[in-house]
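Here are my notes from going through this one. Have the structure open while you read them.

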Amino acid sequence: TYQESVQQAMHSAGRVLKETGAQAVKLEGGYPAMAATISQLTSAGIPVMGHVGLTPQSVHQLGYKKQGKTVEAGERILQESIALQEAGAFAVVLEHIPADLADRITQKLTIPTIGIGAGPYCDGQVLVTSDLLGLSEKQPPFAKAYANLRSTITQAVKD
């Protein structure tokens, strides 16, 4: 919905806000092209939340592997987070990265960080509903399932 071009991102974001009543959009990735897209969106008055580390749209390429474990990878994620802030993002999601890296990023940024499997040092935390209910086919290693509704639902359908 936004990777092809800035124009596509503008169109998609405007449509999402208009048709859903959402108050912001979330874009994954912090590489330079994404920061440029976020800058254009925020300049047009569209609130954007960034997302770095494990990004759900690339989970089929990355798997559910923790990101930022090496010094180089951690530095890249830190720089991406800074670029998102500079582009005008109002917050950034840090997903499945080491807690010490999330702490460094949270200390460096002036915008809030929201952790998903990134340790206790972020400004806020998310527990995804489908994960806590046990609905996912592959449970993320950082998410605790408090139920196993996937098997319950599957059995109900079979019955």
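1. Start at the S4 end of the sheet. Strand S4 (residues 113–116) runs parallel to S5, and the two pair over two bridges. Within this pairing, Ile114 sits opposite Gly124 of S5. Bear in mind that we're looking at a predicted model.

2. Zooming out, the sheet is open and has five strands, ordered S1-S2-S3-S4-S5 with parallel pairing. Its edges are strand S1 (25–28) and strand S5 (124–125), each of which pairs on one side only. Helix H4 packs on the sheet, where it touches strand S2 (48–53) and strand S3 (91–95). The direction of H4 makes about 175° with that of S2.

3. While you're on H4 (residues 71–87), have a look at Ser81, which lies in that helix. Is Ser81 buried or exposed? With a relative accessible area of 0%, Ser81 counts as buried, because the cut-off for that is under 20%. Setting aside neighbours within four places in sequence, Ser81 contacts Val52, Leu94, Ile105 and Leu109.

4. Now the helix pair. H1 (residues 6–20) packs against H2 (residues 32–43) at an angle of about 45°, and their axes are 10 Å apart. That angle is why H1 counts as oblique to H2. The crossing of H1 past H2 is right-handed.

5. Which residues make that contact? On the H1 side they are Val6, Ala9, Met10 and Ala13, and H2 brings Thr37, Gln40 and Leu41. By type, the contact of H1 with H2 has five nonpolar residues, two polar and no charged.

Definitions and conventions. Residues numbered from 1 in each chain as written. Predicted model: local features only at pLDDT ≥ 70, side-chain atom pairs only at ≥ 80, totals over all residues. Heavy atoms only, no water. Axes fitted to C-alpha atoms, helices over the stretch in contact; angles between N-to-C directions. Helix = DSSP H or I, 4+ residues; strand = E, 2+ residues; numbered from the N terminus. Parallel < 35°, antiparallel > 145°, perpendicular 65-115°, else oblique. Left-handed = near helix turned anticlockwise from the far one by under 90°. Contact = heavy atoms within 4.5 Å. Nonpolar A, V, L, I, M, F, W, Y, C, P; charged D, E, K, R; others polar. Buried < 20%, exposed > 50% of the residue type's maximum accessible area, 1.4 Å probe, protein only. Pairing = 2+ DSSP bridges.
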